[in-house]
Amino acid sequence: MLDDLWTAATRHTFLDAVRDGTVSDAAFDRWLAQDALFVADLLTFQARLLARAPRPAQTVLAGGCAALVAELNWFDEQAARRHIEMPAAPLPATLAYRELLQRLDNQPYDAAVTALWVIERVYLLAWRYAASPTSRFGEFVEHWTVPEFAGYVQDLGALAVDGHDTLVAEVLRLEVHFWDMAWETS
Ligand code: HMH
């Protein structure tokens, strides 16, 4: 059950299309603008999580917050380069994810950090799946699969705990929904 959701969230048809280069720039850019909104929401959530994290988790979570700020700068650069108007108006999948992140503010730390681990791991596995030596989106795929990010996901894995399957499933469903969005209204 969870395995199927991990697969659905990391082997989506949008990722096949990025790998094969068949996704249009318009569809990719629209998805990218929504992802920039998501990253801003994730930073809000993670800064609050850092504020209530146990002492031994602070280094990893603070490093992650700094990485998200750098990621937002990188999104701004991509938007300028690709002439994407940002911020975009949030689409339903982005709003649904925002709602979950806000709900996590009121969940115990263990549940919230486990959700964060899923959010980052699913993204790493998805972009690894989309990797291809010839894709015209190769620069993006490389950016989201760098060893530093893989190391961060591993560090988060050490903070995550078992027994939050319902929450894990909810995150994975939102990820599928987020990839689905890339195909809508294109
Ligand atoms: C939808 N999930 C989505 N976007 C991201 N940037 C990440 C996870 C990882 O930060």
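A helix here is a DSSP run of H or I that spans at least four residues, and helices are numbered from the N terminus. The legends below describe close-up views of a predicted model.

**View 1. Helix 2 and the residue that comes after it.**
Helix 2 covers residues 13–20, and it is followed by Gly21, a residue whose phi is positive, near 75°. Within helix 2, the buried residues are Phe14, Leu15, Asp16, Ala17 and Val18. The cover over these buried residues is drawn from several parts of the chain, including helix 1, helix 3 (25–51), helix 6 (109–129), helix 7 (138–143) and helix 9.

**View 2. The packing of helix 1 against helix 9.**
Two packed helices are described by the angle between their axes and the distance between the axes. For helix 1 (residues 2–10) and helix 9 (residues 165–181), the axes come within 9 Å and cross at roughly 25°. Because angles under 35 degrees count as roughly parallel, helix 1 is roughly parallel to helix 9. The crossing of helix 1 and helix 9 is left-handed. On the side of helix 1, the residues that take part in the contact are Leu2, Leu5, Trp6, Ala8 and Ala9. They meet a set of residues in helix 9 that includes Asp165, Val168, Ala169 and Leu172, and also Arg173, Glu175, Val176 and Trp179.

**View 3. Glu71, a buried residue without a salt bridge.**
Glu71 lies in helix 4, which runs over residues 58–82. Although Glu71 is buried, it has no salt bridge, and the nearest side chain of opposite charge, that of Arg81, is 12 Å away. When residues up to four places away in sequence are not counted, Glu71 touches Val39, His143 and Trp144.

**View 4. The salt bridge between Asp25 and Arg82.**
Side chains of opposite charge can pair when their charged atoms come close. The structure holds ten salt bridges, and one of them joins the side chains of Asp25 and Arg82, with 3.0 Å from N to O. This pair links distant parts of the chain, since Asp25 is in helix 3 and Arg82 is in helix 4, 57 residues apart. Asp25 is partly exposed, with a relative accessible area of 37%, and Arg82 is also partly exposed, with a value of 21%. Asp25 and Arg82 belong to a network of salt bridges that links them with Asp29 and Arg136.

**View 5. The salt bridge between Glu139 and Arg81.**
Glu139 forms a salt bridge with Arg81, and the closest N and O atoms of the pair are 3.3 Å apart. Glu139 lies in helix 7 and Arg81 in helix 4, so the pair ties together parts that are 58 residues apart in sequence. Both partners count as partly exposed, Glu139 with a relative accessible area of 44% and Arg81 at 49% relative accessibility.

**View 6. The salt bridge between Arg103 and Glu99.**
Arg103 forms a salt bridge with Glu99, and the closest N and O atoms are 3.0 Å apart. Both residues lie in helix 5 (residues 92–104), where they are four residues apart, about one turn of the helix. Arg103 counts as partly exposed at 33% relative accessibility, and Glu99 is partly exposed as well, with a relative accessible area of 39%.

Note on methods: Residues numbered from 1 in each chain as written. Predicted model: local features only at pLDDT ≥ 70, side-chain atom pairs only at ≥ 80, totals over all residues. Heavy atoms only, no water. Helix = DSSP H or I, 4+ residues; strand = E, 2+ residues; numbered from the N terminus. Buried < 20%, exposed > 50% of the residue type's maximum accessible area, 1.4 Å probe, protein only. Lys, Arg positive; Asp, Glu negative; His and termini not counted. Salt bridge = Lys/Arg side-chain N within 4 Å of Asp/Glu carboxyl O. Contact = heavy atoms within 4.5 Å. Axes fitted to C-alpha atoms, helices over the stretch in contact; angles between N-to-C directions. Parallel < 35°, antiparallel > 145°, perpendicular 65-115°, else oblique. Left-handed = near helix turned anticlockwise from the far one by under 90°.
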